[in-house]
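Here is a short briefing on one protein structure. Look at the sequence and the model first, then work through the points.

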Amino acid sequence: MKTEEIKKSHWDDAAKAGGILGLAYLIVVIIGWLTRLDLSSNAWIMAGLTYLTIAVCEFYFARKRAGLFGGRGFTYGQSMGFIMSMMLFAGFLTGVITLLMHKVVAPEYYREILDVAIDKQLGTLQDSDPENFEHAVSIMEKMYHNPIMITVSSIFSMLLAGGLIGLLVSIFVKREGDPFFDENSAE
């Protein structure tokens, strides 16, 4: 592929990779929903499975993207740029998935998750003014039921988690270019 073709395919490749990562995330969400692991003291298992899914998808798709560059090389910055683009699409898809799970498929499950979060806040805010605590819980519940907040927070969460994992993945994906590579002789 020529350099211009590779640049044009960036968003297309990122959308496909983000879509596949979003579907992989859906599988993790369904596992969490069926096992209720994220509501127990074993929530770290679900968190670990989520981060592992992100890392594997990032590595696979960034490595595949690096292969398109051939002798040109694939820099750390190019890897991070692709990974963050991929996370943007994955974040939007996970936002839609979370919204559907929250509003249609399993509202009682997401209510349990909110209750667990509020209980954790009780421990942190137990010494504060009860009126302030009730106000904080009220705001949390309003935000939790707002579809825009659900989607935006999912996008932000995927960008943050994917970006942090991508910092490490990009170390293994980058490759030096061939100093004798000739763009005109490349197929």
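Buried means under 20% relative accessible area, exposed means over 50%, and partly exposed lies in between (1.4 Å probe, protein chains only). This is a predicted model: local features need pLDDT of at least 70, side-chain atom pairs count only at pLDDT 80 or more, and totals for chains, interfaces and linings use all residues. Residues are numbered from 1 along each chain as its sequence is written, and side-chain values use heavy atoms, with hydrogens and water left out.

**Overall build**
- The protein chain has seven helices and zero strands. Helices (H or I, at least four residues) and strands (E, at least two) are DSSP runs, numbered from the N terminus.
- Of the chain's 187 residues, 34% count as buried.
- Take contacts (heavy atoms within 4.5 Å) between residues at least 6 apart in sequence: 83% of them join residues at least 24 apart.

**Nonpolar cores**
- A nonpolar core is a set of buried Ala, Val, Leu, Ile, Met, Phe, Trp, Tyr and Cys residues joined through side-chain atoms within 4.5 Å.
- The largest core has 22 residues, and Leu 21, Ile 54, Phe 82, Met 86 and Met 87 have the most contacts inside it.
- Helix H2 (10–35), helix H3 (43–69), H4 and helix H7 (147–173) each supply at least two residues of this core. H3 gives the most, with six residues.
- A second, separate core of 11 residues includes Val 29, Met 101, Ala 106 and Tyr 109.
- Four aromatic pairs turn up in a search of the whole structure. Rings of Phe, Tyr and Trp (its six-membered ring) pair if their centres lie within 6.5 Å; planes under 30 degrees apart count as stacked, over 60 as edge-to-face and the rest as tilted.
- The ring centres of Tyr 60 and Phe 61 are 4.9 Å apart and the planes are at 80 degrees, so this pair is edge-to-face.
- Tyr 60 has 49% relative accessibility, so it counts as partly exposed. Phe 61 has 11%, so it counts as buried.
- Phe 69 and Phe 74 form a tilted pair, with 5.0 Å centre to centre and 55 degrees between the planes. Both are buried.

- Leu 100 is found in helix H4 (residues 76–105).
- Leu 100 counts as partly exposed because its relative accessibility is 47%.
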